Amino acid sequence: MKKAIVGIILSCISIILYGQADAPVNFYNTTRVVGEAPRIDGLISEDSWEQAKWGGGNFIQRSPNDGADPSAQTKFKILYDSKNLYIAIRCYDPDPSKIVSRLSRRDGFDGDRVSVMFDSYYDKRTAFSFTASSSGVKGEEYVSNNGDNWDEKWDPIWYLETSIDDLGWVAEMKIPLSQLRFANKPEHVWGMQLSRYFFRKDEWSLWEPVAIDAVGWVHHFGELRNIKGVKPQKQLEIQPYVVAKTERHLKEDGNPYATGKSSDIEVGVDAKIGITSDITLDLTINPDFGQVEADPSQVNLSAFQLFFPEQRPFFIEGNNILTFPTSTNFDNLFYSRRIGRRPQIRVDTDESGDDDVEEFVDASKNSRILTSMKLTGKNKNGFSWGILESITHRERAEIDSLGVKREETIEPGTNYLIGRVQQDLNEGQTVFGGMVTSVNRKNEENTYDLVDNAFSGGLDITHFFNNRKYSVAGKIAASKVDGSFESITRLQESSERFYQRTDNNYRNVDSARNTLSGTSGTIEFGKRSGKLLFSSGLSWNSPGFEINDVGFLSQTDQITNRSWIRYRIIKPTNLFRTMRIDARPIQTWDFGHNLLDRRLEFDSYFQLKNYWEVGTGGHTELFTASNADLRGGPSIVYPNSSSYWIWAATDNRKKIRFELNPWWRWSDQNFRSTNGWWSRLTLRPTNALNVNITGSVSWSSNELQYVTTKELNNTERYLVANIDQTIYNVSLRVTYVITPNLSVQYWGQPFAASGKYSNFKQITNGSASEYRDRFQVLNTSMAEDADEISIDENGDGVTDYSIDNPNFNFAQFQSNMVLRWEYIPGSTLFLVWTQSRDESPSTNRYSFDHLYNSLFDKYPNNVFLIKYTYRFVL
């Protein structure tokens, strides 16, 4: 297997079939400003604009009617001086009264809008995109990987004003050259593209034609010419901040750390420094993320950790540079939420040895980031790199025991280092690169469950040929961690690998190991254009692969063959505007060559002539087993299941939009069933107000839900049970935009979940051919207080062992309100109110009203903060 994989990777690397990109159809000769520069007021009435000629007027539709004339034409002018680009865009409209000018927060991308994009590196792979809506809302994105990645968290300083007149609407921009990256030479040619979205027709048109089924994006750009005598600008922006915060929570009698209130003031600084024209340093010292929303509530009954997306601005901006996916799900060598994570060591409150002594703990919720820096760059030869280093503080919890205080380390001081390089060849038709990560901890006696050092690295290559119609890609990664015997044993027994499985005949727990290593990789071939698309590949995570100290890894010990085929129609027909149908056969084995999964997934999407959207899909299993669900027990085979879902949505342009997505899942032997629905209602009462309500309800039952593992007569008992589970989830988001730079946003999430267990069983032979032979039903009884369940395994009337009652009810309400005022470009004032409350009602009832009746009787946790930032541009 390994030799075959290596051979295929070497074959992929050896391919040198280069296709050539088409020459651009359009170019524009810009003009250097003579005299006074244009005033940015949205009117383009200054004499300076007479120095430039109009470009455009020849825009071509890309969607829905690829190659057709647009409903309205677009023209533009571009001027420059030694410091700025000046851009005027005239968007003609046959009926200006119907122009849709919707206000939104920055990067809202709503209503009529126009974008201008510059490939100032002229590398045919990266671009800087600036978007103007007719309402004056700005948006910007850093485009990489030839259009495969669009980073909307890129936040440059630039200037925009718009106006509406009897010809249509106008966008006038000033873009400082310091916000772009380009080489130092006497005359420049940049790639350039302009696109316009004509809202009421749901129509996209482009200055440089790009067919809707074309592969890639940036390499198709037209050209901006005649830029002479400009020098790369060294960007220097310093943004200090100050945060004043007060918190109100429930006071606990006798707890010196729960006094009911606390207040604090913190300061820090962010900086963006242009080291050279090719290299930028982003730096943060004592960063604050108080304006970031809390993660949405979820219930996790699986053996694996949940993935939550990054929301902190410093780590979001440019995160497409420092990425190295290792599989088709969320697995990645770098997962920035590991930095500043919740402390991992549980506080030991039993040190006193007296069970009657109540001890109180004061511990931080997150590890404090002392400093973090990102160094990124790309040179004229297509070589790009990114380096991130973060240092987190040692976190110590204080424990109070009858007034006697002690401290314990709950997270050691840690240094994180991540590096990524890529090289483009032949205008981006071949891209290869690598990535390394390093985590180093200063472990102490009570933190030896954490590894001392964790390293990972990977190499990847992608090659396009036959005019980018086909692609072949390969990547391989390796990891090594070292530490105490305790830490490496913990990793061997963790949910990612479960070496201790009783039927694991190819891996065993070795408590004398102090290192762990493994590999991961992917090889893939695919067709990327035309009506029929496909890809097929093989990926693997070896049992010892471990990247969770600074990456994300859900499960190892898997080899997966995944294929994908899509048929699409991208031009309007008599029935629909566009459609696609996908199918995905998937097979997975473990490294013992045991089949774990064989399934077929399918889905489809249609946009109808009335702009409504519909879709449907599902899956069917031909075989499924799990090495992880019994948490270290043997593999268990499940009856086959199937699922089906439908999705429908009304016209996205309307002021009222509704989406509905019901789903159903069923299985052989009635082993499992799930059904529920998800819906979203979006309201636009005015151009300034946006209301979004998302809700879901699901009901599920599972006869083999894992409960716990018990020991009897030196033999492990793996206990499962029927579970009937209900989840209610609602999210409300209201945004009121007073001006493009001043907005108020409220987010609230009521969440409730319940689970009722019954019919307890122990797994006797998880791989038996007959379903009912895989378990034994147990005799159980429950104590009056319902906190414990007694199990009489042999039916002799004597309790063999007891387990905690696993039934649960949980209710939570989280909310966040933020006033955001960008009072000058790059400088912002935040006023934030955050509230949370949760409750675990009794399990004697499971209705929604029972879950929520007592929640709002609870005293909430409230946080109020004011954050002031000011950006100095030097």
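**Entry 1: the whole chain.** I began with the secondary structure, and the protein chain comes to 4 helices and 48 strands. I am working from a predicted model, and I keep that in mind throughout. Next I looked up the overall dimensions: along the principal axes, the C-alpha atoms fill a box of roughly 100 × 60 × 50 Å. I then checked the radius of gyration, which is 30 Å; a compact globule of 874 residues would have one near 29 Å, so the two agree.

I also noted how much of the chain is covered. Buried residues make up 54% of the 874. The accessible surface comes to about 38900 Å², and 52% of that belongs to carbon and sulfur atoms. For contacts between residues at least 6 apart in sequence, I found that 63% join residues at least 24 apart.

**Entry 2: the cores.** Which residues touch the most other members of the largest nonpolar core? I found Phe76, Leu85, Ile89, Phe118, Phe130, Trp190 and Met192, in a core of 43 residues. The elements giving two or more residues to this core are strands S5, S6, S7, S8, S12, S13 and S15. S6 gives the most, with 6 residues. A reminder to myself: in soluble globular proteins, nonpolar side chains tend to be buried together.

I then noted a second, separate core of 25 residues, which includes Phe314, Phe324, Ile418 and Val451.

**Entry 3: Asp123.** Asp123 is in the loop between strand S7 (113–119) and strand S8 (127–133). Is Asp123 buried or exposed? Its relative accessible area is 9%, under the 20% cut-off, so I count Asp123 as buried. I looked for a polar partner and found the side chain of Thr126, at 2.8 Å from the side chain of Asp123. Leaving aside neighbours within four places in sequence, Asp123 is in contact with Lys378, Asp424 and Glu427.

**Entry 4: helix H3.** I picked H3, residues 485–492, and listed what is buried there: Ser487, Ile488, Thr489, Leu491 and Gln492. What do these buried residues pack against? I found strand S27 (470–482) and strand S28 (515–527).

**Entry 5: Thr624.** I went on to strand S33 (residues 613–626), where Thr624 sits. Thr624 has 11% relative accessibility, so it counts as buried. Not counting residues up to four places away in sequence, Thr624 touches Leu596, Asp597, Val637, Tyr638, Pro639 and Asn640. I also checked Ser641, which is 17 residues from Thr624 along the chain; their C-alpha atoms are separated by 8.7 Å.

**Entry 6: two hairpins.** S38 (residues 689–712) pairs with S39 (residues 715–739) in the antiparallel sense over 21 bridges. Thr709 has Tyr718 of S39 as its bridge partner. S38 and S39 form a hairpin with 2 residues between them, and Asn713 in the turn has a positive phi of about 55°.

S39 also runs antiparallel to S40 (residues 742–763), with 17 bridges joining them. Here the bridge partner of Thr739 is Leu742 in S40. S39 and S40 form a hairpin too, with 2 residues between them.

Technical notes: Residues numbered from 1 in each chain as written. Predicted model: local features only at pLDDT ≥ 70, side-chain atom pairs only at ≥ 80, totals over all residues. Heavy atoms only, no water. Buried < 20%, exposed > 50% of the residue type's maximum accessible area, 1.4 Å probe, protein only. Contact = heavy atoms within 4.5 Å. Polar contact = N/O pair within 3.5 Å; in protein donor to acceptor, adjacent residues only side chain to side chain. Core = buried A, V, L, I, M, F, W, Y, C linked by side-chain atoms within 4.5 Å. Rg over C-alpha atoms; globule rule 2.2 N^0.38 Å. Areas by Shrake-Rupley, 256 points an atom, 1.4 Å probe, with all protein chains shown as cover. Pairing = 2+ DSSP bridges.
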